[in-house]
Each structure stands twice: as structure tokens, then as C-alpha cells.
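Here is a short briefing on a predicted model.

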Amino acid sequence: MDRIHYLGLAFVLVVRALCTPVPRLIAQSLPAGAGEEIEALVRERMESAGIPGLSVAIALEGGIVWAEGFGTADVENGVPAGPETAYRTASIGKPMTATAVMQLWERGRLDLDAAIQEYCPAFPRKRWTVTTRHLLAHLGGVRHYGGPNAEAELFNTRHYDDVIEPLGIFSGDPLVHEPGSAFLYTTFGYNILGCVIAGASGGTYLDYMTRHVFEPAGMRATRDDDPAAIIPNRARGYRRSDEGELVNARMVDMSSKLPAGGFITTAPDLVRFATAVMDGTLVSAETFDEMLTPQTTSSGEITGYGLGWGLIPDEDWYGEKEALHGGGTPQVSGMLYLLPGRRFAVAILANLEGVDDRVGLAAQIARIALDLDGSN
């Protein structure tokens, strides 16, 4: 499958700058002229797609080497986007939840191959046994959005105070297929993992994530995306009407899918997370390798997804293994892209929904930042 359409996680990141970018934080570790080349690339993409605001951060060899904001975070009030502008994670939250699961597994608190009801009794038993490993790999047969209530599920406006009650949205539905037999990308499957984390840890899901993922990784700006909270630097979200006009995105309360991506974050925090995973701060190197191993169905089909990470199966892109996760939901389009062999990560967050080819843009930024063509 090509980069542009990969797993439905990739969307082309092409957007219009509405004001001058905020100065980058650090640039001394990039090759000469790389920062200017990346800026030009991002501006060109912004111009062609018409996204109002976008932030990018790059981490290399354990630290942030470049971060910048472009365009406008809040069009109505003329607030520029900066490196620390806060956006929804959308599904980029899935590898964060997966990391917490694997921590609990490392610590002997969780059996990946036990029935999930051992940790999440709120999810009823089905015709077949569903395990945590199944859910991490989108092999569990739990449905995604759809059916007669699809719009209400996608545009939820109810606020939930925990991760258990939202399971009622889908927990009464049968499995789509026998677990392990097919790949079906599912936000609802990751909602169950939030319940699993709470049960295995003996606390709440959000408390576990804050104490064992966000704080150790230095992600000070990352938290639950509570619409009632005052969150510094929060971007406004936008969409394009059928006529192409920029309009405000529909209101959505992300608490119905917190474990699957209901956080708010910044581009620098995302690459801090990536760095902490790659450097062994959050899970061991062996565990991270397992997370980046493509999973297979019971018939032997390689899915192109690991345990919480999308994986491009071939390694012919400059000989590098690529790991990634996109995020697309009302108000935002994002991408977190890693080259683990280089300890490289780039995060891209834009305040327009439905933006395509984010994998392509991230890979181009990596090529420039690492001088993979040897031109600098």
C-alpha cells in the first residue's frame, strides 16, 4: 500500500499560511539551510490546501532540535500559531495508550493474552474471547464508528467523567469478526484499553497516563481535552464547507473516546513522547521493538500495524524503518512520524480537519532534517 493511503492514517499535509511563523526554538543541530528548506516546504503545502494554522516539531538523538508555528491558531481573534500551540491529538493518542498497556505488561500487572474481562469487567463477554493483544493490534473484531448512530458517535457532545461509561456506546454490539482473523481499525477497541489500564493499575486511566506516561516524558502541556477547561494556547478548529469556505468545526466532546485520542497536546510534547519511547524511558528497547513488529492475522496476513503503531512494511525508504500514527477528528489533522534507527521524530499538527498526505510531508521533513540525499 502506498504512503499516501497507508492504513487510512495518512492524510496530505498541504496548508496556507495566514501570517508569519513564530521563530523556531532551536536550530543548531540541523544541517545548514535545512530549517529554511523545511519552512519553504511547509509554506508551500499550507498554501495549496488552505489550512489556517500548523505547528511542527523535530526531535533528534534525544532532544528537540527544531520547532515552529505557522499561520493562525485562532482566525477570529488573529492569534498566531506557535510551537506551543495546543491541538487535539486525535488518534495519535493511541500509541500513548498502547505504551501504558505495555508498561503494565512489563511490570507483570497485565497479561496481554488473557480475556480483557479480567481487567475490564464492564465490557461483556462475547461469542469469542477478546484479548488486550487483539485490541492493541486492531484485531479484536470490535467495531469502529458506524450504524444508525454513526453521526452521534463521531460528533459526541456529552461529557463523560470516566472511561467506563462510554463503553455503553458500543459494548452491546456483537463482534464484527472472530478476534485475530482480520484487521479492523477501531477507535472503540482502544476505548476498552483505557478500561483495561484502569483495572490493571488499580486507579483511573487518566491518572495512570499522567503519572506514568506524560510526566516521565516531560509532556507538561498534554492533558485530557476538556471543553470546559481553560487550556493555555488552545487552537480553534476549522473545516472547509462544501463551497470551500473556511468555517468553524463542529463542537465535539472528546471524553467519549479519551483512550483512543481524546487528549490535547503540542508538537514539542509529541516528539518528547516519541523520544521517551525510543530512548527506553517509558518502555524497554525490547518492548518497543515488539510494539514495532507487524502483527499478523490467524491466516498469516501481515497487517502493517504493530501494537499501537502504524508501520510501513517495506524498508526501502533510505533503508529506514518508519513508524507512525496519524490523527484526524473534528478540528484537527495530525501526524507523529518516527525513524527509530535514527532516533528521529517529527510531529505535525494542523487546525483543519480532513487534511491529506501528512505521511508524505513528514517523510520529506525527515529527508531534509537528516540530509538523507547528502545535499547539505
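Strand β1 spans residues 53-60 and is mostly covered, with eight of its eight residues buried. Gly53, Ser55, Ala57 and Ala59 point one way from β1. Leu54, Val56, Ile58 and Leu60 point the other way, and these too are buried.

**Partners of β1**

- Strand β2 (residues 63-74) runs antiparallel to β1, and eight bridges join the two.
- Within this pair, glycine 53 stands opposite glycine 71 of β2.
- The hairpin of β1 and β2 has two residues between the strands. Glutamate 61 takes a positive phi there, near 50 degrees.
- Strand β12 (residues 344-350) also pairs with β1, in the antiparallel sense and over seven bridges.
- In that pairing, valine 56 stands opposite isoleucine 348 of β12.

**Helix α1**

- Helix α1 covers residues 34-49, 16 residues in total. From its first C-alpha to its last it reaches 23 Å, close to the 22 Å expected at 1.5 Å a residue.
- Its buried residues are Ala34, Gly35, Ile38, Glu39, Leu41, Val42, Arg45 and Met46.
- Seen down the axis of α1, the buried residues fall within an arc of 165 degrees, so they line one face of the helix.
- Glu44, Glu47 and Ser48 are exposed on the other side of α1.

- Strand β10 is largely enclosed by the rest of the structure, because six of its seven residues are buried.
- β9 pairs with β10 in the antiparallel sense over two bridges. Here leucine 311 stands opposite alanine 323 of β10.
- β10 also pairs with strand β11 (residues 332-339), antiparallel and over seven bridges. Glycine 326 stands opposite methionine 335 of β11.
- Two residues lie between the strands in the hairpin of β10 and β11. Glutamine 331 takes a positive phi near 95 degrees in this hairpin.

**A three-stranded sheet**

- An open sheet of three strands has the order β4-β8-β5, and its pairing is antiparallel.
- β4 (87-88) and β5 (223-224) stand at the edges, each with a single partner strand, so one side of each is left without a neighbour in the sheet.
- Two bridges join β5 to strand β8 (residues 263-265). Aspartate 224 stands opposite phenylalanine 263 of β8.

- Most residues other than glycine have a negative phi.
- Tyrosine 318 is not a glycine, yet has a positive phi of about 55 degrees. This tyrosine 318 is found in the loop between β9 (310-311) and β10 (323-329).
- Tyrosine 318 counts as partly exposed, because its relative accessibility is 35%.
- Aspartate 371 also has a positive phi, near 55 degrees. Aspartate 371 lies in the segment after α10 (358-369).
- Aspartate 371 is buried, with a relative accessible area of 19%. The cut-off for buried is under 20%.

**Cavities**

- How many cavities of 30 Å³ or more does a search of the whole structure find? The search finds two.
- The largest cavity has a volume of about 70 Å³. Its lining consists of Tyr87, Arg88, Asp225, Arg234, Ala235, Arg236, Gly237, Ile264, Gln331, Val332 and Asn351.
- By class, the lining of the largest cavity has four nonpolar, three polar and four charged residues.
- The second largest cavity has a volume of about 50 Å³. Phe123, Val142, Arg143, Phe170, Asp173, Pro174 and Leu175 line this second largest cavity.
- The lining of the second largest cavity has five nonpolar and two charged residues, and no polar ones.

**Second largest pocket**

- The second largest pocket has a volume of about 260 Å³. There are 18 residues that line this pocket.
- Closest to the centre of the second largest pocket are Tyr160, Asp161, Asp162, Leu206 and Leu258.
- The lining of the second largest pocket divides into eight nonpolar, five polar and five charged residues.

Notes. Residues are numbered from 1 along each chain as its sequence is written. This is a predicted model: local features need pLDDT of at least 70, side-chain atom pairs count only at pLDDT 80 or more; totals for chains, interfaces and linings use all residues. Side-chain values use heavy atoms; hydrogens and water are left out. On a 1 Å grid over the protein atoms alone, a cavity is a set of points where a 1.4 Å probe fits but cannot get out, and a pocket is an open set with protein on both sides within 12 Å along at least five of seven lines; lining residues have an atom within 4 Å of a point. Grid points are joined across faces, edges and corners, and a volume is the space filled by probe spheres set on the points. Ala, Val, Leu, Ile, Met, Phe, Trp, Tyr, Cys and Pro count as nonpolar, Asp, Glu, Lys and Arg as charged, and the others, Gly among them, as polar. Buried means under 20% relative accessible area, exposed over 50%, partly exposed in between (1.4 Å probe, protein chains only). Helices (H or I, at least four residues) and strands (E, at least two) are DSSP runs, numbered from the N terminus. Two strands pair if DSSP finds at least two bridges between them. The expected span of a helix is 1.5 Å times one less than its number of residues. The arc is that of the directions from the helix axis to the C-beta atoms.
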